[in-house]
Amino acid sequence: MKEFDYIILGGGCAGLSLAYELEIHEKLKNKTLAIIEPREEYKKDKTWSFWRMFPHNFDDCVKKSWKNFTINIPKKTNHLECTNYPYQSVDSGLFYEKINNKLKENKNISFFKDLKEINSKNSFVFNSVPTIKKDYRNLWQHFCGVEIETQKNCFDDEIFNLMDFDCEQRESVHFFYTLPYSKTRALVETTWLSKINDGSQKDYDEQIKNYVENHLNLKNYKIIYKEEGAIPLFYPIYEKEKNKINIGTAGGMTRLSTGYTFLNIQEHSKFICQNIENISKTKRFEISRKYQFLDDIFLRVLEKHPESMPDIFFKMFQNSPKTVIKFLSNKSNFLEDLNIILKMPKSTFIKALFY
Ligand SMILES: Cc1cc2nc3c(=O)[nH]c(=O)nc-3n(C[C@H](O)[C@H](O)[C@H](O)COP(=O)(O)OP(=O)(O)OC[C@H]3O[C@@H](n4cnc5c(N)ncnc54)[C@H](O)[C@@H]3O)c2cc1C
């Protein structure tokens, strides 16, 4: 069986981002790479959105970007600007196409459906397939989004809605998220932060229909795309193994308080690429411990007091939007962290330290 210098297990967001980064920096000229991906075909299956904190390789896959957004709780709306860090939505269909076209040019890169097809004994493995053990917390961000199209101009495409908490909470944390791609098209997503043991929040279609018709007041629309998913708000198992690094969600690249992962994956890919010659001896790349600690407290509060979360998110955004965006994107300084912490209900958060 054939051997390769490198193996990427899982050709999704993290696996392909890494392969692309290595390829454009000519790290695969004299090295061989096998990408193991079971899917039959690549088609659009996700929309990755994030505040653009730094340049990345996929500006040409951006479907739309915004410089203004809102956050709502019942009877209150906060209008915010994000001119310094525009919010971008990457179309996964364009992302897969761009990367696969580039990788095809290099004969040193091969695709397989199963790891059993090759000899992996002497390879360095980048693994993006998470091992999820039932965590003590078992908290997930689970959601369903539909792209709707209207005949008339119904959306203001200059401004997106990050979180609308003016909806039923069912003793959990629930909000709607609306990304208007044009005046006639928008992604409307119902999002829950909760345990997903019983499925009682999974009547997504009904939730979206109700929101679109009674909240956005749209009657004539059609659904042209749908995506559904769940992001673990805990770290998958990461066993230290010689000649193996976990990447993507499996590698702890999800910010647990928000689910944002895409830009962390890009940063991790750059880090691996810069250190590829000495990768087995390189220190593990992690989201800063500061955010791991703060997110842990945040999630303890969320679990214990879901009813307070709409207010907590709303208050967080009463800081300057630049501060909050930097905080949520792991780029805040000490003073900015302090500003965020001071907006939180102190006794609730201090008590959470001892849960
Ligand atoms: C619907 C959805 C929307 C999201 N939106 C956002 C967003 O807006 N912003 C953001 O920052 N993050 C978002 N995320 C979170 C995160 O960015 C994505 O989950 C991202 O795809 C994670 O990349 P990954 O490579 O870790 O996992 P994936 O992209 O899921 O890639 C893993 C790959 O492994 C393959 N695989 C599975 N089993 C095996 C196996 N046994 N062997 C080999 N390969 C295997 C899968 O087919 C898949 O292609 C979203 C997640 C989902 C599910």
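This is a predicted model: local features need pLDDT of at least 70, side-chain atom pairs count only at pLDDT 80 or more; totals for chains, interfaces and linings use all residues.
**Entry 1: strands S1 and S2**

I began with strand S1 (residues 6-9) and strand S2 (residues 33-36), which run parallel and are joined by four bridges. Strands here are DSSP runs (E, at least two residues) and helices are too (H or I, at least four), numbered from the N terminus. Two strands pair if DSSP finds at least two bridges between them.

Then I checked where the S1 side chains go. Tyr-6 and Ile-8 point one way, Ile-7 and Leu-9 the other way, and all are buried. Buried means under 20% relative accessible area, exposed over 50%, and partly exposed in between (1.4 Å probe, protein chains only). In a regular strand the side chains alternate between the two faces of the sheet.

Residues are numbered from 1 along each chain as its sequence is written, and side-chain values use heavy atoms, with hydrogens and water left out.

**Entry 2: the S5-S6 hairpin**

Next I followed strand S5 (residues 68-73) into strand S6 (residues 76-81); they pair in the antiparallel sense over six bridges. I found two residues between the strands of this hairpin, and Lys-75 in the turn has a positive phi of about 70°. Ile-71 has Asn-78 in S6 as its bridge partner.

**Entry 3: aromatic rings**

I counted rings of Phe, Tyr and Trp (its six-membered ring) as a pair if their centres lie within 6.5 Å; planes under 30 degrees apart are stacked, over 60 edge-to-face, and the rest tilted. The count comes to 30 aromatic pairs. Phe-69 and Phe-160 are stacked, because their ring centres are 5.4 Å apart and their planes are at 20°. Phe-69 sits in S5 and Phe-160 in strand S11 (residues 159-164), so I noted a pair that links distant parts of the chain, 91 residues apart. Phe-69 is buried at 0% relative accessibility, and Phe-160 is buried at 1%.

I also looked at Thr-178 in strand S12 (residues 173-180). Thr-178 is buried, with a relative accessible area of 8%. Contact means heavy atoms within 4.5 Å. Beyond neighbours within four places in sequence, the contacts of Thr-178 include Phe-160, Asn-161 and Tyr-211.

Which residue forms a salt bridge with Arg-300? I found Asp-296, with the closest N and O atoms 3.0 Å apart. A salt bridge is a side-chain nitrogen of Lys or Arg within 4 Å of a carboxyl oxygen of Asp or Glu. Both residues lie in helix H5 (residues 289-304), four residues apart, about one turn of the helix. Arg-300 is partly exposed at 21% relative accessibility.

Arg-300 turned up again among the contacts of Tyr-355, along with Lys-304, His-305 and Thr-348, leaving aside neighbours within four places in sequence. Tyr-355 lies in the segment after H9 and is partly exposed at 39% relative accessibility. Phe-354, also placed in the segment after helix H9 (346-352), is exposed at 68%.

**Entry 4: charged side chains**

Lys-29 and Glu-26 form one of them (3.5 Å, N to O); Lys-29 is exposed at 56% and Glu-26 is exposed at 51%.
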